[in-house]
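Visitor: I am new to this structure and would like to know on what grounds its parts get their names. Could you take me through it slowly?

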Amino acid sequence: MNVIGKVTVLPQLPGSIARLSELAYNLYWSWTPHAQALYETLDPSLWERFQRNPVRTLLEVPQARLQAVAADPAYLARYAQVMKDFDAYMGKADTWASRKAPGLKPVAYFSMEYGFHESLPIYSGGLGVLAGDHCKSASDLGLPFTAVGMLFHQGYFRQLFDKDGWQNEAYDELDLTTLPITPARTAGGEEARVQVRIGDREVQVRVWNLNVGRIRVLLLDTNVPENSEDDRKLTARLYGGNQELRVQQYVLLGVAGIRALRALNIPGEVYHMNEGHAALLGLERMREYVAQGLEFRTAVETVAASTLFTTHTPVPAGNDAFGYDLMDRYLGKWPGLLNTTRDELYALARHEQLWDGHLVPTFSMTVFALNMSRAANGVSELHGEVSRDMWKFLYEGAEPEEVPIGHVTNGAHNLTFTSQAMRDLLSTVLPADWTERLEDEAMWAAVEGLSDEQLRDVQRDMKREMIAFVRARVREQKLRNGASAADVAATGTLLDENTVTIGFARRFATYKRATLLFRDRERLSRIVNHPERPVQFVFAGKAHPADNPGKAFIQEIYRMSQEPEFRGKIVILENYDMNVARHLVQGVDIWLNNPRRPLEASGTSGMKASFNGSPNFSVLDGWWREGYDGTNGWPIGEEREYADLNVQDDADAYSLYQTLETEIAPRYYGTPTGENSWADTVRRAIQTVSPRFSMQRQVIDYVQGYYLPIGERGAELAENSSARAREIAGWKGWVRQQWNYTTLTAQAQLPATTQPGQTVPVSAQVNPAGINLNELRVEAVLNRGGHLTRFPLKSQGDGRFSADVPLNESGLYSVGVRMLPVIEGLSNDLEAGLMKWA
Ligand SMILES: *Cc1c(COP(=O)(O)O)cnc(C)c1O
């Protein structure tokens with residue numbers, strides 16, 4: 001038909017269930033299965049057909065059905081309970097933040113993608129789900145918190161396999177009236193609109209409001225009639241398009257995002273940039289300060305002091321960097337707006353990279369993010385280390401361990417991914433308020449009280465549900481691809497509920513090595529077809545549309561799954577999303593992850609599986625390097641670096657097979673109860689992983705380690721029209737100017753050998769040029785086996801510094817002397833970016 005317009009007819013909710021609509025517009029339901037069940041009951045097939053979307057289900061369900069449930073006492077009782085819980089949640093005054101962080105300043109969190117629920121497909125994978133989970137826990141903890149993101153009206157993409165297992169992408173235009181969003185309104189009641197210059201166009205941006213429990217998310221949308229066709233597509237697809245579009249989207253997220261907060265009068269004093277995509281928010285915040293009369297450098301200090309940057313990408317190529325000519329098209333006016341020069345602005349993002357055999361300067365989003373924040377972190381302990389090493393070139397003279405990038409290990413939102421059945425079971429041993437103190441490790445010890453039988457029963461039910469889901473999904477796919485009747489019928493026997501089942505699902509980036517399992521096909525076949533202890537596998541995952549090697553991995557697994565020896569025992573599901581994720585992490589017995597160490601910054605899906613009692617089996621990378629304790633799952637490979645990737649793949653595959661054959665399968669099929677039973681591992685997985693890798697623990701770490709101190713320091717620097725920021729900026733400018741004129745020479749009288757506890761005299765002679773002597777730290781640096789200790793030298797006048805430096809332990813020491821400019825109140829010693837070694 002030829003559509004000339006669209007209209008939405010809103011449902012008339014009977015009075016007794018009137019608040020179903022209000023609840024549908026708060027993603028509280030996304031982690032509350034009982035709330036979802038209220039909509040599912042209205043019409044289970046509509047519910048499934050429309051991605052379990054409450055707003056859509058309410059729109060589609062016939063009025064007669066609404067009248068019927070509105071008069072059904074059982075339904076009304078469930079409704080009343082859900083609403084009571086919802087009101088208690090929303091109205092709770094006594095939150096973690098009110099008790100533990102009452103002085104916390106309002107946080108504005110920026111992320112390109114958010115994974116809240118499958119019906120709102122504005123995420124591609126782990127980064128988005130992490131951001132969505134972060135918002136959910138910020139709500140749970142009662143933080144003053146607002147998130148900013150983009151409303152991609154064609155989402156990421158829907159993945160379809162063709163007959164040969166090749167990934168095709170489908171883009172569905174979302175109908176916004178079916179999403180749980182409403183236009184954000186200004187104090188005056190108007191729909192919020194902001195403008196942003198993208199290249200030579202003024203682009204109009206509509207702002208949507210999304211309620212996630214107690215907090216809100218603002219979603220930016222350029223798909224409005226006032227914009228040109230091209231500009232309307234700026235918010236069409238996540239990670240679609242070329243570099244040009246990327247830059248445009250980054251300008252939009254950063255600049256329009258800040259303007260949206262301002263238009264709605266939403267306070268923000270701590271700014272958290274989730275990945276470098278959000279870095280351009282610094283531009284707009286600086287522009288605001290410059291417009292108030294601050295100098296550029298003072299604006300930099302003021303903005304950076306209140307900003308945190310979280311990096312997620314451990315490979316240089318994964319960090320966006322653009323040519324200056326491209327940036328000029330979008331940032332051309334910004335030096336003028338910031339009262340600075342292009343050179344000075346771009347210096348904050350400069351990263352020299354090899355392009356076509358030449359070293360050329362690029363505008364790196366990560367470098368800009370690091371320079372526009374005074375706190376940065378990676379997402380696991382190992383990733384922190386990898387990041388410090390990767391970005392140490394920005395901190396000339398510094399040792400890698402001194403690079404000011406810390407870490408907060410990721411977590412996952414327990415309730416979003418834990419099945420209702422498991423929640424009910426946990427409620428029998430955990431205290432009544434357990435969902436509010438998920439991070440409490442001691443509390444989780446009570447999981448020991450769950451019997452082997454209780455766990456087995458719940459896990460069997462979850463597994464049956466997962467198998468039914470897998471069969472239905474594959475059946476749908478076979479029907480679509482015109483498979484034979486026999487092939488379609490065979491989907492009814494996929495997977496066996498008595499066979500130990502291993503899940504592998506994530507983005508198909510090649511470093512995640514989805515095909516590692518197939519490295520020795522004969523050995524795999526013996527494992528899968530073992531007469532007493534068979535093993536089966538379920539795979540799922542999307543490759544980025546431009547990633548042909550990733551798509552080839554999918555196809556390889558698909559083809560393997562069609563081989564006679566693996567049929568029905570290795571399955572790959574299409575369209576991995578949060579729905580598939582929930583089914584798999586709840587239903588499989590074990591979760592597998594075998595990335596090429598150390599490239600998995602954290603990984604989170606294994607946490608979700610452990611919450612449901614499916615232990616993790618993984619390379620000791622990212623979170624699992626911290627989470628594995630010898631009892632709660634299994635490691636793959638060794639904690640070491642490899643020069644040859646082939647050798648690494650062989651070693652890890654060998655380890656994977658070996659552990660499967662000699663530990664996992666025997667335990668699963670072994671003694672059903674008692675010491676060393678399967679249930680032992682399950683209990684250990686639940687009780688160790690649930691608290692330590694809860695999103696609640698993660699957000700608390702961010703509050704205590706970053707949001708609180710950044711809020712304080714940001715306010716200090718901004719006070720009195722940024723008086724302190726101006727001093728710091730002026731001081732940095734001065735020391736930078738003087739630095740080339742300073743000199744440092746040093747001597748140490750080192751005997752060939754000495755005893756532990758002895759001291760050695762170290763002295764230095766400094767010419768400070770125009771820098772105050774008391775603003776120079778002159779220190780001896782001792783390196784003993786890679787471990788650094790620093791020992792300050794005392795000023796003796798006339799630029800002479802000296803100290804007797806103790807050598808406390810036996811061993812080989814290297815001794816060096818360096819100086820760096822420091823004043824009180826810097827965020828860290830390397831902030832001035834200057835260091836000189838003798
Ligand atoms: C948790 C999750 C991810 C992240 O998985 P990793 O194992 O961390 O790569 C990706 N996609 C979806 C849908 C998820 O739920």
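Visitor: In which helix is Met560 found?

Guide: Met560 is found in helix H24, which covers residues 548-562; helices (H or I, at least four residues) and strands (E, at least two) are DSSP runs, numbered from the N terminus. This is a predicted model, in which local features need pLDDT of at least 70 and side-chain atom pairs count only at pLDDT 80 or more, while totals for chains, interfaces and linings use all residues. Residues are numbered from 1 along each chain as its sequence is written, and side-chain values use heavy atoms, with hydrogens and water left out.

Visitor: Why does Met560 count as buried?

Guide: Buried means under 20% relative accessible area, exposed means over 50%, and partly exposed is in between, with a 1.4 Å probe and protein chains only. Met560 has 13% relative accessibility, and therefore counts as buried.

Visitor: Which residues does Met560 touch, not counting those up to four places away in sequence?

Guide: With those set aside, Met560 touches Phe518, Arg521 and Phe566, where contact means heavy atoms within 4.5 Å.

Visitor: What makes the pair Glu48 and Arg52 a salt bridge?

Guide: A salt bridge is a side-chain nitrogen of Lys or Arg within 4 Å of a carboxyl oxygen of Asp or Glu. In the pair of Glu48 and Arg52, the closest N and O atoms are 2.6 Å apart, and the two residues form a salt bridge. Glu48 has a relative accessible area of 44% and is therefore partly exposed, whereas Arg52, with a relative accessible area of 7%, is buried. By this rule the count comes to 62 salt bridges.

Visitor: What parts of the chain does the pair of Glu402 and Arg818 link?

Guide: Glu402 and Arg818 form a salt bridge with their closest N and O atoms 2.5 Å apart. The pair links distant parts of the chain, since Glu402 is in the loop between H17 and S15 while Arg818 is in strand S28 (residues 813-821), 416 residues apart. Glu402 counts as buried at 15% relative accessibility, and Arg818 is buried with a relative accessible area of 0%.

Visitor: Why can one say that Arg683 and Asp452 tie together parts of the chain?

Guide: The side chains of Arg683 and Asp452 meet in a salt bridge at 2.8 Å, N to O. Arg683 lies in helix H29 (residues 678-692) and Asp452 in helix H21 (residues 452-480), so the pair ties together parts that are 231 residues apart in sequence. Arg683 counts as buried at 6% relative accessibility, and Asp452 counts as buried at 10%.

Visitor: Which residues do salt bridges that share partners join into one network?

Guide: Glu402, Arg777, Glu779, Arg790, Arg818 and Asp829 are joined into one network in this way.

Visitor: How far from Arg423 is the nearest side chain of opposite charge?

Guide: Arg423, which has its place in helix H19 (residues 420-427), is buried yet has no salt bridge, and the nearest side chain of opposite charge, that of Asp424, is 6.4 Å away. For charge, Lys and Arg count as positive and Asp and Glu as negative, while His and the chain ends are not counted. Leaving aside neighbours within four places in sequence, Arg423 is in contact with Trp31, Thr32, Pro33, Leu415, Thr418 and Trp434.

Visitor: How do you know that helix H25 is mostly covered?

Guide: Helix H25 (residues 578-587) has 10 of its 10 residues buried, and is mostly covered. Asp577 caps the N-terminal end of H25, with a side-chain oxygen 3.0 Å from the backbone nitrogen of Asn579; a polar contact is a pair of N or O atoms within 3.5 Å, and within protein one must be able to donate a hydrogen and the other to accept it, with residues adjacent in sequence counting only if both atoms are side-chain atoms.

Visitor: Which residues come nearest to the ligand?

Guide: Of the 14 residues around the ligand, Lys512, Gly603, Thr604, Ser605 and Lys608 come nearest, a residue being near if one of its heavy atoms lies within 4 Å. An oxygen atom of the ligand is 2.7 Å from an N or O atom in the side chain of Lys512, and a ligand oxygen atom is 2.6 Å from an N or O atom in the side chain of Lys608.
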